[in-house]
Amino acid sequence: MKFGVIQFPGSCDDLDALNAAKRVGDAELLWHGERDLKGADAIVVPGGFSYGDYLRAGAIARFAPMMETVIDFANDGGHVLGICNGFQVLCEAHLLPGALLGNANRRFTSRQVELEVLNSGGSFTRACALDERLSIPAKHSWGRYYADPQTLAAMDNAGQIVLRYAPGENFNGSVHDIAGVSNERGNVFGLMPHPEHAVDELIGGSTDGLKIFESMRMTVEGVHA
Amino acid sequence: MLGWNGPERTHDRPRRLDHSDRGAPSVMRVRVLIRPKAGILDPQGEAVERALPALGFDGVTNVQVGRLVELDIEDPWQLESICERLLANPLVEDYEIVSMEAAGKR
C-alpha cells in the first residue's frame, strides 16, 4: 500500500511521518498546493504549525487545495490519519468532531505519555489489543480536546473515542481524558500524541507508534487481526 | 450564542455596493470580537486574572482573552458566513460584531 503524507508550509513532523509510513509500506510527500494524491491509498496529515497556526491551529490549512482533495477522499471512505496539528486540521475541516484548545496548563509540554486503547476494532488500532497501553511522545501547547456533552455521548456510543490518556497522563486537560478520536464512519482518525516518533527502539525506547501505521496497512490491504 | 443578524436595520436593505456616480463602492470598516464560549476553560484569561493582584490590582474577575479582527468589507451580508467559516470556530468560540462604520479613505 502507499501512504501520502501532506506537507504544508510549517509542517515539521512530515519527514518522521514519511519514515514511519515507509516502515510498513510505500510513502510519498504530497505538497499542500497540489491536488493529486499520486495514487496514495491512505493519507497522513502530519504535525507542525501549518501556515504558522495563524488565527487558530489548522484554520487556514483546511482550505489548502490538497485538503479539498483529502476531504473528498475521506467522504468517499478513504482513510485519513491526523497527528497533532493534523488532528487540529481535521477538526477544523469538520472531518472529525470537536475542537482542540490551549492546554489547561498554558504550557507547551513535551513528554512521553501512556495511552489506553478503548477501541481495537477500528481501522487505525486493529493491530492493538483492547485496553492495551501505548507509550508515545506528545508535544504541543494546543491539545486540549473538547466536544459538547451531547456530541461526546454519541461518540462514546459509536466507539469513536479510540484512545484515552491513562490515569495521571492527561496533561493538557482534554475532556474525558480523550487522546484520539475517529469519525462516525471510522475512516478518519486524529490524535495529539505522535505515533511517528515512536517507531524505533533506539530513539525514544518504544515502537508502539508503528501499530497505528500497521493498523492502517492492515485496513487498506484487507488484513484482519 | 452571540450571533449576528445583519447590519443595523436603519434601512430596509443594508448598504450594498454603491453604483451611483459618486465613484467608489461604499466600504464598511468592521470589528469582530471573538471570545471563548461561556463555560469553556480559558487558561489565558485565568493567567491574566491571577497576575493582576501581583501588580496591586485587586477586585478584577471574569477575565477573558479573545481576539479582535478588523476588516474592510464591501458586502456586510457576507460577514456572518466569514465569521462562522473562518474567523471563529463556533464549536468553542462566540463572535460579535462590535462596530461597523463607513471605512475611511486609505
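Modeller: Two strands are taken to pair if DSSP finds at least two bridges between them. In this predicted model, nine strands of chain A form an open sheet with mixed pairing, and their order across the sheet is 2-1-3-4-11-10-9-6-7. Because strand 2 (26-31) and strand 7 (133-140) of chain A stand at the edges with a single partner strand each, one side of each is left without a neighbour in the sheet. From one strand to the next, the twist averages 25 degrees.

At the edge formed by strand 7 of chain A, the pairing with strand 6 (residues 109-117) of chain A is antiparallel and runs over eight bridges, and within strand 7 of chain A it is A138(A) that stands opposite R111(A).

Helix 2 (residues 65-75) of chain A lies across strand 1 (2-7), strand 2, strand 3 (42-45), strand 4 (79-83) and strand 11 (188-191) of chain A, at about 130 degrees to strand 4 of chain A. Helix 5 (residues 210-221) of chain A also packs on the sheet, where the strands it touches include strand 4 and strand 7 of chain A, and its direction makes about 170 degrees with that of strand 4 of chain A.

As for the nonpolar residues, the largest core has 67 of them, and F3(A), I43(A), M67(A) and L81(A) touch the most other members. Helix 2 of chain A gives the most to this core, with six residues. Beyond its neighbours within four places in sequence, L81(A) is in contact with residues including I43(A), F189(A), I212(A) and M216(A).

Definitions and conventions: Residues numbered from 1 in each chain as written. Chains lettered and ligands numbered in written order. Predicted model: local features only at pLDDT ≥ 70, side-chain atom pairs only at ≥ 80, totals over all residues. Heavy atoms only, no water. Helix = DSSP H or I, 4+ residues; strand = E, 2+ residues; numbered from the N terminus. Axes fitted to C-alpha atoms, helices over the stretch in contact; angles between N-to-C directions. Contact = heavy atoms within 4.5 Å. Core = buried A, V, L, I, M, F, W, Y, C linked by side-chain atoms within 4.5 Å. Buried < 20%, exposed > 50% of the residue type's maximum accessible area, 1.4 Å probe, protein only.
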